[in-house]
Amino acid sequence: MSDSAAHDFHGHAHFTAPPPGVVVRHDWTLPEVRALYELPLLELVHKAQSVHRAVFQDNKVQLCSLLSIKTGGCPEDCGYCPQAARYHKDTGLQAEKLMSVPSVLDAASKARAAGATRFCMGAAWREVKDGPQFDNVLEMVRGVKALGMEACATLGMLTDSQAKRLKEAGLSAYNHNLDTSEDKYADIISTRTYEDRLNTLERVRQAGISVCSGGIIGLGESVDDRCKLLLTLSNQEVHPESVPINALVAVKGTPLQDQKPVQTVEMVRTIATARILMPMAMVRLSAGRMQMNEEAQLLCMLAGANSLFFGEKLLTTGNPEYTQDMALLEKAGIRPLEPDTSR
Ligand code: SAM
Ligand code: DTB
Ligand code: SF4
């Protein structure tokens, strides 16, 4: 599939092929990415905003809703994650069973009524296992699609046949983050490899599901690690259609609990660089908004972020209040992508 066939967002009036003057490259080099990342900030933001406005002419922001359909008890050891079973005694996070199909669809329907056009379901699994639980997830995907929303899931590693079944159920996108650079990866996660991650992304791509993949900043990585993550994403044969940029939420009880908070300028640089490298992608200002004031969030949007998760909770950690987010968009005159009202 080419980049030009990558978008099917409801009501999204933007080019589906790169507009004149916007170049979609797959051969970036590390010095080039670093030179962008290190531009004087206002120059970087100007460049990113120019690319953004050329592609996303309506300049709307997509509101997405996130739900943890299966919380905690995960066998992986991701150093940032409160859902890893091995940190349970220090985080105190209670593991829960997979939610029922009706309760997930009820949450999806409320999210839609509140303005979400994308519903992302997250499960604290290392990988998907075939069986009744996966069958229920497929049912959730069908239900979310029937509500007229984009359905996204993040369930860990997938096989080819599972990716195919998710596609058949109507899944719009699969989220599977590379998180950081290949070099830094082993400091953060030991229970799976970078290659495992890339292989799942390839299976998602082959199944014809749109790819959502990004990372986290604030893990103690260097600027080169950040640039290498963006380089790996942007040198994929087809760019991810969706790139979430998370600032670490340093959760007490996880190995990364004492990491220094990410500075706004670093978040803005990362988002702007992602926008320039992957002009056609939705760049999502994801975790970490609780630590950001309104101006910082607006700067991220100026730098090319065009999606937010709304709702008081991400998966297990906090997020700004819905009314606060709506007030911010309202006062800044930022229009959300409209839900599909034909259903
Ligand atoms: N278990 C699946 C997986 O790891 O792919 C899906 C759920 S996992 C929680 C989804 C993503 O959330 C992770 O890849 C990571 O990028 C992000 N994440 C988890 N904990 C985070 C934290 N404390 N701060 C920021 N992002 C986090
Ligand atoms: C992504 O990149 N960020 C979201 C979504 N994809 C699944 C998850 C953020 C989780 C933050 C920590 C938590 O709330 O547990
Ligand atoms: Fe498990 Fe995903 Fe958390 Fe890693 S990020 S511990 S795989 S839930």
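Student: This is a predicted model, and I see C120 and C152 in it, so how far is the sulfur of C120 from the closest cysteine sulfur?

Tutor: Begin with the general idea, which is that a disulfide is a covalent bond between the sulfur atoms of two cysteines. In this model the closest cysteine sulfur to that of C120 belongs to C152 and lies 3.7 Å away, which is too far for a bond, because the cut-off for a disulfide is 2.5 Å.

Student: How many disulfides does the rule give in the end?

Tutor: The count of disulfides comes to zero.

Student: Is C120 buried or exposed, and what about C152?

Tutor: To answer that, compare the relative accessible area with a cut-off, since a residue is called buried when this value is under 20%. C120 has a relative accessibility of 6%, so C120 counts as buried, and C152, at 2%, is buried as well. C152 is found in strand β3, which covers residues 150-154, and, leaving aside neighbours within four places in sequence, C152 is in contact with several residues, including C120, M121, L171 and Y174.

Student: Which residues does UniProt place under the feature "binding site" together with C120?

Tutor: An annotation of this kind comes from a record, and the unreviewed UniProt entry places the feature "binding site" at C120, C152, C212 and R284. These residues span 165 residues in sequence, yet no two of their C-alpha atoms are more than 13.4 Å apart, so they gather at one spot. The lining of the largest cavity also takes in C120, C152, C212 and R284.

Student: Where does C212 lie, and which residues does C212 touch?

Tutor: C212 lies in strand β5, residues 210-212, and is buried, because its relative accessibility is 4%. Not counting residues up to four places away in sequence, C212 touches R118, Y174, N175, H176, N177, S242 and P244.

Student: Which other cysteines does the "binding site" annotation cover?

Tutor: The unreviewed UniProt entry also uses "binding site" for C74, C78 and C81, and the lining of the largest cavity includes C74, C78 and C81. C74 has its place in the loop between β1 (62-70) and α3 (88-91), and C81 is in the loop between β1 and α3 too. C74 is buried, with a relative accessible area of 10%, and among its contacts beyond four places in sequence are Q83, W125 and R126.

Student: Now for the strands: which way do the side chains of β9 point?

Tutor: The general idea is that in a regular strand the side chains alternate between the two faces of the sheet. In strand β9, residues 307-310, S307 and F309 point one way while L308 and F310 point the other way, and all of them are buried.

Student: Which strands pair with β9, and in what sense do they run?

Tutor: Strand pairing is read from the bridges between strands. Four bridges join β1 to β9, and these two run parallel, with S307 in β9 as the bridge partner of Q62. Finally, β8, helix α11 (residues 294-302) and β9 make a right-handed β-α-β unit.

Notes:
Residues numbered from 1 in each chain as written. Chains lettered and ligands numbered in written order. Predicted model: local features only at pLDDT ≥ 70, side-chain atom pairs only at ≥ 80, totals over all residues. Heavy atoms only, no water. UniProt positions renumbered as here; feature names shortened; annotations may be inferred. 1 Å grid on protein atoms, 1.4 Å probe; cavity = no way out; pocket = protein on both sides within 12 Å on 5 of 7 lines; lining within 4 Å. Buried < 20%, exposed > 50% of the residue type's maximum accessible area, 1.4 Å probe, protein only. Contact = heavy atoms within 4.5 Å. Pairing = 2+ DSSP bridges. Right-handed = clockwise from strand over helix to strand, strands pointing away.
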